[in-house]
Amino acid sequence: MLEFFKTLGHAYAADSAAMDGGAIVERRLSDLRGFFADAEAFETALAREDSLLYRVTAIEPADGDGDLHYGLGILFPGKVGDEYYLTKGHLHSTREAAEVYLGLRGEGCLLLEDEQTGESRLEPLGTGRIVYVPGHTAHRTMNTGTEPLTYIGVYPANAGHDYGAIAERNFRKVLVEENGRPVLKDREAGS
Ligand code: F6R
Ligand code: MN
């Protein structure tokens with residue numbers, strides 16, 4: 001049950017994804033060792049700077065049946081080798097839990113991978129885009145533009161985040177820049 005006096009509204013800035021309240025999680029390059037296909041390019045980039053890749057501010061108003069949580073994300077532009085900056089990606093611990101992503105600013109994509117069939121889909125995410133992420137679907141955000149990508153993800157309070165499977169075997173596909181454009185490719189064995 002929500003406490004009556006609890007704040008239900010929050011101000012946010014669509015360009016910087018700053019929000020007055022919520023728990024902030026920041027991920028730097030060093031937090032993503034093993035997530036990018038080109039390990040050598042990763043170490044070279046990290047030796048240069050442990051850049052901030054993304055920040056998520058999560059609001060969890062209540063935890064009961066039917067409640068919702070949401071997170072405001074900002075993913076900065078950049079690449080490791082040819083691969084665009086990305087989030088770790090996860091499945092929801094409650095596998096049936098779906099999520100709605102609302103793109104606020106910038107240019108990017110959501111990579112979706114069905115856990116049961118292994119099938120991949122790439123959905124544009126950015127200004128004016130909404131993406132529905134069904135249950136049982138691993139999801140990862142990638143910034144393919146030159147500005148920060150900001151978005152909101154809304155998910156059931158009981159969704160939970162399972163990073164284990166992705167950290168172990170990664171997504172089957174990688175999104176790389178080729179001739180100035182994003183191209184989705186099969187991940188090569190061992191990368
Ligand atoms: C929540 C959700 C997003 C991500 C955010 C960061 O269920 O999907 O708010 O948490 O894009 O990505 P991860 O959590 O994969 O590091
Ligand atoms: Mn999610």
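1. Arg55 and Glu26 pair up through their side chains in a salt bridge, 2.8 Å from N to O (that is, a side-chain nitrogen of Lys or Arg within 4 Å of a carboxyl oxygen of Asp or Glu). The two sit in distant parts of the chain, Arg55 in strand S2 (residues 52-59) and Glu26 in strand S1 (residues 23-28), 29 residues apart. Helices (H or I, at least four residues) and strands (E, at least two) here are DSSP runs, numbered from the N terminus.

2. A word on the model: it is predicted, so local features need pLDDT of at least 70 and side-chain atom pairs pLDDT 80 or more, while totals for chains, interfaces and linings use all residues. Residues are numbered from 1 along each chain as its sequence is written, and side-chain values use heavy atoms, with hydrogens and water left out.

3. Back to that pair: Arg55 is partly exposed at 23% relative accessible area, and Glu26 is partly exposed at 36%. Buried means under 20%, exposed over 50%, partly exposed in between (1.4 Å probe, protein chains only).

4. Next, Arg95 has a salt bridge to Asp162, with the closest N and O atoms 3.0 Å apart. Arg95 is in the loop between strand S6 (91-92) and strand S7 (99-105) and Asp162 in strand S13 (residues 161-162), so this pair ties together parts 67 residues apart in sequence. Asp162 is partly exposed, at 22%. Arg95, Glu115 and Asp162 are linked in a salt-bridge network.

5. Have a look at Glu113 too: its side chain meets that of Arg172 in a salt bridge (2.8 Å, N to O). Glu113 is buried, at 2%, whereas Arg172 is partly exposed, at 43%.

6. For the overall tally, the structure holds ten salt bridges.

Technical notes
Chains are lettered from A and ligands numbered from 1 in the order in which they are written.
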